[in-house]
Amino acid sequence: MTRLYLLLLAVAGMCVTAFAQKAPLTDRSLPIPDVPGLLFYIQRDPDVNTVVYTLNTDESGKIDPKDPIRIFWVKYTEGGVHKPLNLIQKDLAYGLHIKPSGADQFEVKAVAYPKLDMRLQRGLDSKYHVRVALNNRKCNLKRIFIRIVGGSHLHPDVAYLEFHGTEVGTGKEVMQRIFPD
């Protein structure tokens, strides 16, 4: 849970302008990143900047087995430019630990929330997806939303985290909400 707190701390610390907004964003009002190879993304109120996770491939489209997932910001508050994570964001908040676990498969752990079992693998559609269990259903992870309801930059008050995905096989949307301790 300490790493979850660090993620929340880093999220709040990156939102210098966020608390100047009058009303919280609704998660439905946030932009959906339009980037090639999108696996999933993280958004949080109170701003629109988004952390994006994409498949890391070479020019021929082959996955990089040593670094299969690329992580970066889409800074919508700066016109949608892409920026790399800084070292603190990578090591304490948004980074991933990834290791091969078979043909076309990788075990993935979020540094801030290693309890969530994730797996990067090729699906029946021949595309790579990050698989997670949401509400005891096998899903392709699409989005994580963090609801911040106040606090300060160093100590945000987090109401919940939402994990959104689509169920493998049915394509039904699935959401699981987690409340911090």
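# Briefing: strands, cores and ring contacts

The protein has two helices and eleven strands. The model is predicted. From the N terminus on, its elements run α-β-β-β-β-α-β-β-β-β-β-β-β. Of the 181 residues, 46% count as buried. Among contacts between residues at least 6 apart in sequence, 43% join residues at least 24 apart.

**Confidence**

- The mean pLDDT of the protein is 85. A value of 70 or more is reached by 82% of the residues.
- Residues 1-24 have a pLDDT below 50. Beyond near neighbours in sequence, this stretch still has 55 contacts in the model.

**Pairing around β9**

- Strand β9 covers residues 137-151 and runs parallel to strand β1, residues 38-44. Four bridges join the two.
- Tyrosine 41 has arginine 143 in β9 as its bridge partner.
- Strand β8, residues 128-134, is joined to β9 by four bridges as well, but here the strands run antiparallel.
- Alanine 133 has lysine 138 in β9 as its bridge partner.
- The hairpin of β8 and β9 has two residues between the strands. In this hairpin, asparagine 135 takes a positive phi near 50 degrees.

**Nonpolar cores**

- In soluble globular proteins, nonpolar side chains tend to be buried together.
- The largest nonpolar core holds 35 residues. Tyr53, Ile69, Met118, Leu120 and Phe163 touch the most other members.
- Strand β9 gives the most to this core, with five residues.
- Leaving aside neighbours within four places in sequence, tyrosine 53 is in contact with Gly37, Leu38, Leu39, Phe40, Tyr41 and Ile42, among others. Its contacts also include Ile69, Arg70 and Ile71, together with Tyr94 and Leu96.

**Aromatic pairs and charges over rings**

- A pair of aromatic rings is described by the distance of the centres and the angle of the planes.
- The count comes to four aromatic pairs.
- One of them joins tyrosine 160 and phenylalanine 179, with ring centres 6.3 Å apart. Their planes stand at 70 degrees, and over 60 counts as edge-to-face, so this pair is edge-to-face.
- Tyrosine 160 lies in strand β10 (residues 156-167), while phenylalanine 179 is in the segment after β11 (173-178). The pair therefore ties together parts that are 19 residues apart in sequence.
- Tyrosine 160 has a relative accessible area of 12%. Buried means under 20%, so tyrosine 160 is buried.
- Arginine 177 lies over the face of tyrosine 160, at 3.8 Å from the ring centre. Tyrosine 160 thus has both an edge-to-face ring partner and an arginine over its face.
- Lysine 75 lies over the face of tryptophan 73, at 4.5 Å from the ring centre.

**Lysine 127 in its loop**

- Lysine 127 is found in the loop between β7 (118-122) and β8.
- Its relative accessible area is 54%. Exposed means over 50%, so lysine 127 is exposed.
- Leaving aside neighbours within four places in sequence, lysine 127 is in contact with Gln121 and Arg122.
- Lysine 127 and leucine 39 are 88 residues apart along the chain. Their C-alpha atoms are separated by 9.8 Å.

Key: Residues numbered from 1 in each chain as written. Predicted model: local features only at pLDDT ≥ 70, side-chain atom pairs only at ≥ 80, totals over all residues. Heavy atoms only, no water. Pairing = 2+ DSSP bridges. Phe/Tyr/Trp six-rings, centres within 6.5 Å; stacked < 30°, edge-to-face > 60°. Buried < 20%, exposed > 50% of the residue type's maximum accessible area, 1.4 Å probe, protein only. Lys NZ or Arg CZ within 6 Å of the ring centre and 35° of its normal. pLDDT = per-residue confidence, 0-100. Contact = heavy atoms within 4.5 Å. Core = buried A, V, L, I, M, F, W, Y, C linked by side-chain atoms within 4.5 Å.
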